[in-house]
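Open the model in your viewer and keep the selection tool at hand. This tour tells you what to select next and what is there.

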Amino acid sequence: MRVNGEPATGTPGPGQCLRTFLRAGGWAGVKKGCDSGDCGACTVHVDGVPVHSCVYPAMRAVGRDVTTIEGLAQFHPQGRHLQESFLAAQAFQCGFCTPGMIMTVAALTDEQRADLPRALKGNICRCTGYGAIRDALAGVARIERDGHGSGDSSASPVGRAVPAPAGPDVVTGRARYTLDTGDADSPPADVPLLHMRLLRSPHAHAWIRSIDASAALARPGVVAVLTYQDSPPGLFSTGRHHDPDDDPYDTMVLDRVVRFQGQRVAAVIADQVATADQALEEIRVDYELRPAVTTPADAMAPGAPQLHAQAEGNIATRVHRQAGDVERGFAAASEVFEATFNTQRVQHVALETHATIGWLAGSPREGEAPGVPPRLVLRTSTQVPFLTRDAICALFCLGQDQVRVVAKRVGGGFGGKQEMLTEDIVALAVLATGQPVQLEFTREEEFTAATTRHPMAVTVKAGARRDGTLTALQLTTVADTGAYGNHAGGVLFHACEEAVSAYRCHSKKVDAISVYTNTVPAGAFRGYGMSQSGFAVESALDELSRRLGIDPAEFRRRNLIQPGEAPDNGSGPDAGVSTTGHGAFGALEAVEKALASGRGEAAPYGAAWRTGSGLAVTMLDTIPPGGHVAHARVAEVADGGFRLFVGTPEFGNGTATVHQQIAAAALGCSPERVEVVASDTDLCGHDTGAYGSTGTVVAGTATLRAALALAELRKSGDDTKPREAEGSCDGTARSVTFCAHGFRVAVNVRSGAIRILQSVQAVDAGTVINPVQLRGQVEGAVAQALGAALFEEVQVDAGGRVTTRVLRDYHVPVHADLPGTQVLAVPGHDALGPLGAKPMSEAPFNPVAPALANAVRDATGVRVYCLPMRPDALLATFLEVEADGATGAERLRQGGGPPGPGGPRGCSRRWRRAAGLERVHVAVGRPSGGESGRRQLPRAADRLAEEQGLRPGQGAWRRRRAGGVRPGARVVLRDLASTDHAGAGRDRGVRLVADRHGRVLLRAVG
Ligand code: FES
Ligand code: FES
């Protein structure tokens, strides 16, 4: 085999995939995002043909020419040009998908390029929303051409589309992520690297009587097996916060009690991953099973087993707030609307999974006497290196100078890497063995053992006078925090904060609880509780305005807080947040104008399609309460440039670029004269971390202060030696930002398909420091939010087992699923942010789901109470409404809506059961070996029959063909592949739906 023109070193092992072989040979541009050919991050060319190297046997490549991203410019005629196009369009954020994406694109024919939704269906990007990738292929440049190091210091760097400094490395595969070792921050080459694999509990709740690891330990290559007997005794939380007491101390490195299926039970450390995997099978665990509770209702029921000693009734945390008198407020209302809105478990699916390599290195300080113990170094995929270091120090009784945590480029985080999920167990293994140890989560572990968004049931009651003035707003929220309380408090706090504070109303009340259940833990996720309550409140207010006959945008205009007005969430009039000069009204107006402009796609032809539009507005406090600290240092370097040391990591959020620009603005130089050194606890001052949208406003303020201080120093004369200065920010000056999103949609009331005709988001971003980064963040957030609104859901069965275990069962949006989104920045200047900037990484996520639900309501008259809005769920809702008779059908046509505030409609099967709609059934026939949709129908029908209590072989499809379908049944077969955003470009198999009246609808997708 030749790789990039060179003979490959080594021989492929039995069963070894090409990706593993190439990475072992040093071709780190070949990325690992899954193990099942679903994400495309590992794409390489074999004899010019693109393949997913994770499912391509390395042996098959013997005697062939393999090209990776590192060799593309040399061995493909379009290679260099493509890489430059990706750079010019900044078609990446974290960049982890980029090598695979470029390799796929390089192999496309002209015909395939003309059909990108189909051509790119095998490549997932979780960050960009694909808009910038589309631009790259169209030759559109998003950056300023002179942003490539023109050295022009006369132009202010602020407001310019400056390219990301890591861009050239990202597009050529040179960018180093956590496991791409070989650079200076790597374990010693002369000590063998060991690999860890984790044994995970098959039970949702159990006590470990004993563990017998003798057979595993006897296996050649196994170095150690760690169990609860090796665990440090201390409790901690995997959630990392500025104040560690924000989260309950309820977790151990290895606990004797297991509280969810997937919890760590033992760790095997071996010379090879395969050896460790085999040894896992040989560990015998004697469990004493305990009753499990897998829903908040069960967990709070009298007599329910208690998961944690300190949490009576399994309540992890609660929030109560009150202002005024809501009962009087509702009595004064002309119209009151009340309903419960349910949101689902969603996974971050950062393409780089959680990973850590740890080792022992050197002595604490140069020149110290021998005998000083070596230091623990953790190279890890984290958003919070300093908080991770502090937690490791506390757990293992080490001083801060004995631990170094360094994050290289992080392949996406979205809040999922604000958890300590790998570092603690790797630290334990390194300290136990004295050797370097590596742990990398599989994609399955991301679903079964990492964290999710908190599922919530939010009951909103809102009342208003006839003129639209809100008289009372009440929220009752139940959140499911899963088996552990990481982020339970913070997420619940924000779920009760911004969505309520955004509106003026004298009578408000919030009662919220977060409940422990024996399910995979929830945690931090972009939006941090605000997306769940935002969906509920923005849907409820939309419905209230329609019932009052007031335009939904006008209703919001009458009730949103005014600039300068103190937000009130019921905890008191002053939440320590400034609303001066907020841009909510400008954002609302911009979306209204855009929706009225007639831009976007035309409505599809056909009697079943209904069109409508909807919008939503959400608020975000720019910094979390309680402090968020950043220190920055800027130093002159010998070549006349500057080096900026700042602790916050870059994981695709664009902070490195923005920090460069902020420092350059203060120092009067061009951005490329500033080199950024980030996220290393040895080199940088303390930084709380990259979460809570703080990278620009907190670390950026520290950067600005350090750079201004250096600029002052430089004026003072002495230039005989390099000068440096420091700056810091404690994150206490907080303001607010608003985002408004609008959709125009067409909804097919006979299939449940939603087609997005227009998508627009207006953002109150203050001074835009880098328009291309801003656009990338907004497009990416909208894409992620659309996935959560339309189809993403981590399924958990009644026993608490996560049944979503591979990417193809989860449906991360691919190119074909997403519309283009118009991004509008409302002019503004924040008095508190650096150079007037506001954060924009989480905020754009929050208004998307309610805006889409409001558009569906406008189009069909049907209110969506549950996410995701999958076609089968929507269809079931439409059938329910229509089943009310002619008036129901008429309502669908006329937009009158279902009677009263319904229970959960348009929900997953679990919720439909909860609502008593037991006779709505859904079955899916999975494709195998390129089967056509029609060949999968019998299998789907059999599953449906089984659910309905029929014998296999008597499924609805066959019964219909045999004339056995019950009276009134009908069959509709639809191929939605080219008509809906939900299914396009994906081979999803056949989905078959039967309603409670025995009518059967068949839907074939793909
Ligand atoms: S890593 Fe090969 S397709 Fe995901
Ligand atoms: S840039 Fe595509 S996954 Fe991050």
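Helices (H or I, at least four residues) and strands (E, at least two) are DSSP runs, numbered from the N terminus. This is a predicted model, where local features need pLDDT of at least 70, side-chain atom pairs count only at pLDDT 80 or more, and totals for chains, interfaces and linings use all residues. Residues are numbered from 1 along each chain as its sequence is written, chains are lettered from A and ligands numbered from 1 in the order in which they are written, and side-chain values use heavy atoms, with hydrogens and water left out.

**Whole chain**

Start with everything shown. The chain has 29 helices and 33 strands. Buried means under 20% relative accessible area, exposed over 50%, and partly exposed in between (1.4 Å probe, protein chains only). Of the 1006 residues in the chain, 63% are buried. A contact means heavy atoms within 4.5 Å. Take the contacts with a separation of 6 or more: 78% of them join residues 24 or more positions apart.

Two strands pair if DSSP finds at least two bridges between them. Now pick strand 1 (residues 2-3) and strand 5 (residues 65-67). They run parallel, joined by two bridges. Click Arg 2: Asp 65 in strand 5 stands opposite.

Next, select Gln 90. It is in the loop between helix 3 (79-89) and helix 4. Most residues other than glycine have a negative phi, and most peptide bonds are trans. Is Gln 90 buried or exposed? Gln 90 is buried, with a relative accessible area of 7%.

Zoom in on strand 19 (residues 470-482) and strand 20 (residues 508-516). Nine bridges join these parallel strands. Leu 473 stands opposite Lys 508 in strand 20.

**Helix 20**

Select residues 584-596. The expected span of a helix is 1.5 Å times one less than its number of residues. For the 13 residues of helix 20 that gives 18 Å, and the end C-alpha atoms are 18 Å apart, which agrees. Colour the buried residues, among them Phe 585, Leu 588 and Val 591. The buried residues of helix 20 pack against helix 19 (552-559) and four strands, including strand 22 (609-621) and strand 27 (734-748). Just after helix 20, find Gly 598, with a positive phi of about 85°.

Jump to helix 21 (residues 655-667) and click Gln 660. Gln 660 is buried, with a relative accessible area of 6%. Which residues does Gln 660 touch, not counting those up to four places away in sequence? They are Pro 165, Pro 671, Glu 672, Val 674 and Val 676. A polar atom of the Gln 660 side chain lies 2.9 Å from the backbone oxygen of Val 674.

Go on to Ser 679, in the loop between strand 25 (674-678) and helix 22 (694-715). Ser 679 has a positive phi, near 50°. Ser 679 is buried, with a relative accessible area of 3%.

**Pro 868**

Last stop: the loop between helix 24 (848-860) and helix 25 (871-882), where Pro 868 lies. The peptide bond from Leu 867 to Pro 868 is cis, with omega near 0°. Pro 868 is buried, with a relative accessible area of 1%. Pro 868 and Asn 342 are 526 residues apart in sequence, and 9.3 Å apart in space, C-alpha to C-alpha.

Notes
Polar contact = N/O pair within 3.5 Å; in protein donor to acceptor, adjacent residues only side chain to side chain.
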